[in-house]
Amino acid sequence: MLAGLAETLPAHSLHAALQLLRTDCKLVLCSLHFDDSRMFYLLSELRTAALGIPVLCCCLSETHLAHDTLEGLSAAVRQLGAVEFVDLRAQEAQAKFAQLVMQQLR
């Protein structure tokens, strides 16, 4: 979905993500299921480190969470300093997410 928009550096664990943040990272994209559902741990670490790197959170795959809960995640991630939470399982959400990415990279 983001091919050609920016170079991506994947991290599959909290430790790996924190190591990548020491590079010239301009944006963090984090899914709900990151490192066995440690998305909130990563947000907390980023907030503590006060690096000022924008974070976009998303849901990429099936989840047992109810729709209302997913909507509540948007407020929760913003409280922890993220820009937004987008449920990417909906086709129209992918365009919104790509637009948010581009806004953050400007």
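This is a predicted model: local features need pLDDT of at least 70, side-chain atom pairs count only at pLDDT 80 or more; totals for chains, interfaces and linings use all residues.
Trainee: Where do I start? How many helices and strands are there in the protein chain?

Mentor: Start with the elements, then their order. The protein chain has 4 helices and 3 strands. Along the sequence they follow the pattern α-β-α-β-α-β-α.

Trainee: How compact is the protein chain for its length?

Mentor: Compare the radius of gyration with the globule rule. Here the radius is 13 Å, close to the 13 Å the rule gives for 106 residues, so the protein chain is as compact as a globular protein of that length. The C-alpha trace spans about 35 × 30 × 20 Å along its principal axes.

Trainee: Now single residues. Is cysteine 59 buried or exposed?

Mentor: Check relative accessibility against the cut-off: under 20% is buried. Cysteine 59 is at 0%, so it counts as buried. Its place is in strand E2.

Trainee: Which residues does cysteine 59 touch?

Mentor: Skip residues up to four places away in sequence. Cysteine 59 then touches Leu32, His33, Phe85, Val86, Asp87, Leu88 and Arg89. Cysteine 59 and leucine 29 are 30 residues apart in sequence and 11 Å apart in space, C-alpha to C-alpha.

Trainee: Let me try a helix. Where is leucine 42?

Mentor: Leucine 42 sits in helix H2, residues 39-49. Its relative accessibility is 4%, so leucine 42 counts as buried. Beyond its neighbours within four places in sequence, leucine 42 is in contact with Leu14, Ala17, Leu18, Val28, Cys30 and Phe34. For a distance reading, take leucine 27: 15 residues along the chain from leucine 42, with 13 Å between the C-alpha atoms.

Trainee: What about a polar side chain? Why does glutamate 84 count as buried?

Mentor: Use the same test. Glutamate 84 counts as buried because its relative accessibility is 16%. It lies in strand E3, residues 84-87. Next, look for a polar partner. The side chains of glutamate 84 and serine 74 are joined by a polar contact of 2.2 Å. Setting aside neighbours within four places in sequence, glutamate 84 contacts Val55, Leu56, Cys57, Ser74, Val77, Arg78 and Leu100.

Trainee: Last one. Where is threonine 63 found?

Mentor: In the loop between strand E2 (55-59) and helix H3 (67-79). Threonine 63 has a relative accessible area of 17%, so it is buried. A side chain can also be read against the backbone. A polar atom of the threonine 63 side chain lies 3.2 Å from the backbone nitrogen of leucine 65.

Trainee: And which residues is threonine 63 in contact with, leaving aside neighbours within four places in sequence?

Mentor: Leu32, His33, Leu70 and Arg89. Go back to cysteine 59: the residues it touches include Leu32, His33 and Arg89.

Notes. Residues are numbered from 1 along each chain as its sequence is written. Side-chain values use heavy atoms; hydrogens and water are left out. Helices (H or I, at least four residues) and strands (E, at least two) are DSSP runs, numbered from the N terminus. Buried means under 20% relative accessible area, exposed over 50%, partly exposed in between (1.4 Å probe, protein chains only). A polar contact is a pair of N or O atoms within 3.5 Å; within protein, one must be able to donate a hydrogen and the other to accept it, and residues adjacent in sequence count only if both atoms are side-chain atoms. Contact means heavy atoms within 4.5 Å. The radius of gyration is taken over C-alpha atoms; the globule rule is 2.2 Å times the number of residues to the power 0.38.
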